[in-house]
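Subject: Structure handover

Hello,

I am passing on the structure below, together with notes on what was found in it. Please read the notes with the structure open.

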Amino acid sequence: MLFLRYLKIKKFDDVTINDIVQQAGIHRSSFYRYYEDKYQLAGHIECYIMAHIRENRKKWMQKNPDIDIADPNAMMHLFLAIDKYAPAIHILLGPNGDPSFEVRLRHIMIEKFFENSKYETASNDKLSLLKEFSIDIIIQTYKYWASPKKKLSAKELADLLSDIFQKGFTYAIENM
């Protein structure tokens, strides 16, 4: 998509409607026929990506209802599912991307974090902080996976994350 390619060279906040229509070779009126502003355009792209992630996760969890989200196979499946959108995710979560994309992604993750666990109704400061730490790790992992410079395979990355979540950072570092 032209809009995303434009974000490679210019920050989201600095992109104007004129930039978008000029890049796309359309008139402003054509743009406004479909979108109110650049935020709605970005939101449309982001919602499409997130719907794909949600649907893929849902289908996989239905086939594997007893699997823990920290299971390496579950994580590997997620990485492979988002691979199709890796270039878009890389741009949207990158330095020129839409800051609200990461906020929406975090919100979805917080909502789903302990969905199938005994902790889903627990509410305390430590648990909230642990959720935030975990979500930060996952978002950074998405950024890594979406990067064209990634060097780890989906399996290697899933195994590393599983070690971090199930056994801790020290274990993951000592067993690299």
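Lys-150 has a relative accessible area of 27%, so it counts as partly exposed, the class between 20% and 50%. Please keep in mind that this is a predicted model, and that the values in this message are computed from it.

The side chain of Lys-150 forms a salt bridge with that of Asp-83, with 3.3 Å from N to O. This pair links distant parts of the chain, the two residues being 67 apart. Lys-150 sits in the loop between α8 (125–146) and α9 (154–167), while Asp-83 sits in the loop between α5 (72–82) and α6 (86–92). Asp-83 is also partly exposed, at 34% relative accessibility.

How many salt bridges are there in the count? The count comes to 9. Two further pairs are described here.

One of them joins Asp-19 and Lys-10, whose closest N and O atoms are 2.7 Å apart. Is Asp-19 buried or exposed? Its relative accessible area is 12%, and buried means under 20%, so Asp-19 falls in the buried class.

Asp-159 and Lys-155 are both in α9, 4 residues apart, which is about one turn of the helix. Their closest N and O atoms are 2.9 Å apart in the salt bridge. Both residues count as partly exposed, Asp-159 at 27% relative accessibility and Lys-155 at 48%.

The remaining notes concern a pocket. The second largest pocket holds about 160 Å³ of space. Which helices each supply at least two residues of its lining? They are α1 (2–6), α2 (17–24) and α3 (28–34). Among the lining residues are Met-1, Leu-2, Phe-3, Ile-20, Gln-23, Ser-30, Phe-31, Tyr-34 and Leu-41. By class, the lining has 10 nonpolar residues, 2 polar residues and no charged ones. Gln-23 and Ser-30 belong to that lining, and they count as polar because neither is on the nonpolar or the charged list. Tyr-34 and Tyr-35, also in the lining, count as nonpolar because Tyr is on the nonpolar list.

Regards

Technical notes
Residues are numbered from 1 along each chain as its sequence is written. This is a predicted model: local features need pLDDT of at least 70, side-chain atom pairs count only at pLDDT 80 or more; totals for chains, interfaces and linings use all residues. Side-chain values use heavy atoms; hydrogens and water are left out. On a 1 Å grid over the protein atoms alone, a cavity is a set of points where a 1.4 Å probe fits but cannot get out, and a pocket is an open set with protein on both sides within 12 Å along at least five of seven lines; lining residues have an atom within 4 Å of a point. Grid points are joined across faces, edges and corners, and a volume is the space filled by probe spheres set on the points. A salt bridge is a side-chain nitrogen of Lys or Arg within 4 Å of a carboxyl oxygen of Asp or Glu. Buried means under 20% relative accessible area, exposed over 50%, partly exposed in between (1.4 Å probe, protein chains only).
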